[in-house]
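Please open the model in your viewer and follow this tour stop by stop. Each stop says what to select and what is there.

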Amino acid sequence: MTTRVCKLIGAPVHDGAGQRGCEMGPIALRTAGLAEAIASLGHRVADLGTLSPPPPRPASFPNPALKNLPQVAAWVETLAEVAFAESAEGMPVFMGGDHSLSAGTVAGLARRAALLGRPLFVLWLDAHPDFHSLHSTESGNIHGTPVAYVTGQPGFAGGLPTLAATVEPAHVAMLGIRSVDAAERRALTDSGITVFDMRAIDEHSIAPLLRQVLERVRALDGLLHVSLDVDFLDPSIAPAVGTTVPGGATFREAHLVMEMLHDSGLVSSLDLVELNPFLDERGRTATLLVDLVASLFGRRVLDRPTRSF
Ligand code: MG
Ligand code: MG
């Protein structure tokens, strides 16, 4: 097994979500034993602490529905810097925080990948594509926009910081999608993004879909960032999220994804987002996230050596 250096970074962003609570995510993940779980698998863990909310960044945008744009813009700028710096070595794990934080982390990782001359792939595990622009969002919750932002779609200028590097849409794969707004559906068509919705998972099962993605990353020697939204999971096993959608990934589907990601050896960074401990039931969602991360770092039921029988 490869020993990794894992850097835990708390990003208590709540300004992009429709309700408060995600700012408690980093504390809940620590309480549920995230660092201990990773360390118990033989990896080195450095907890870099929790970032403080940066002062709001002057930002204006002609959509009156937008909520907390100066606060989110400041977080995006800060997190892009942190993600760029901390991805120089080791594997950063961002403990959110709502999903708007990924606008920052992925922006910073894209800059790192560009510097290395390697493509950045993004695996978006979510019920939602988060593909609104600052124009098209009707809720005004900026956690619904990060994929459009990091892939350089129009509709962000003047609102969020200018990107140092974008992610190629063809290098983004979404898994678990089951709630898409009309504007997102239009924008996703011909975008080049791979979308595996829950029906695709039902019809083909999750492993062959993920295998396709991993083979592409490997073939192009890419970096792979995984962004895990709690609502990827079925609400019956993960209730602590403000945007529950029925029909999500099961316990075993989610673990299988993490186990395959581990076996691939390709994952270079991770976001854990949208955990809202205020909505949890006796910590069960935080505990499940820790167990999933453990699978990503190599916990397994049985050793399965590669040999012929
Ligand atoms: Mg999301
Ligand atoms: Mg979601």
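Select Asp231. It is buried, at 1% relative accessibility. Buried here means under 20% relative accessible area, exposed means over 50%, and partly exposed lies in between (1.4 Å probe, protein chains only).

The model is predicted: local features need pLDDT of at least 70, side-chain atom pairs count only at pLDDT 80 or more, and totals for chains, interfaces and linings use all residues. Residues are numbered from 1 along each chain as its sequence is written, chains are lettered from A and ligands numbered from 1 in the order in which they are written, and side-chain values use heavy atoms, without hydrogens and water.

**Stop 1**

Donors are N, O and S atoms within 2.8 Å of the metal (3.2 Å for Na, K and Ca); water is not among the atoms, so sites may look incomplete. Asp126 sits in the loop between S4 and H5, and Asp231 in the loop between S7 and H9, so the pair ties together parts that are 105 residues apart in sequence. Helices (H or I, at least four residues) and strands (E, at least two) are DSSP runs, numbered from the N terminus.

**Stop 2: the magnesium ion (ligand 1)**

Which residue bridges the two magnesium ions? Select Asp126: it bridges ligand 1 and ligand 2, which lie 3.2 Å apart. Asp126 is buried, with a relative accessible area of 0%.

Now show the protein donors of the magnesium ion (ligand 1). They are His99 (ND1), Asp126 (OD), Asp130 (OD) and Asp229 (OD), 2.0 to 2.2 Å away. Their spacing is H-x26-D-x3-D-x98-D. Asp130 is in the loop between strand S4 (120-125) and helix H5 (146-150), and Asp229 is in strand S7 (residues 223-229), so this pair ties together parts that are 99 residues apart in sequence. Asp130 is buried at 5%. Asp229 is buried at 2%.

**Stop 3: helices H8 and H9**

Select residues 206-219 for H8 and 251-264 for H9. Their axes come within 10 Å and cross at roughly 25 degrees. Axes are lines fitted to C-alpha atoms, for helices over the stretch in contact, and angles run from 0 to 180 degrees between N-to-C directions. H8 and H9 are therefore roughly parallel (under 35 degrees; over 145 is roughly antiparallel, 65 to 115 roughly perpendicular, the rest oblique).

Show side chains. Among the H8 residues that meet H9 are Leu210 and Leu214; the H9 residues include Leu256 and Met260. Contact means heavy atoms within 4.5 Å.
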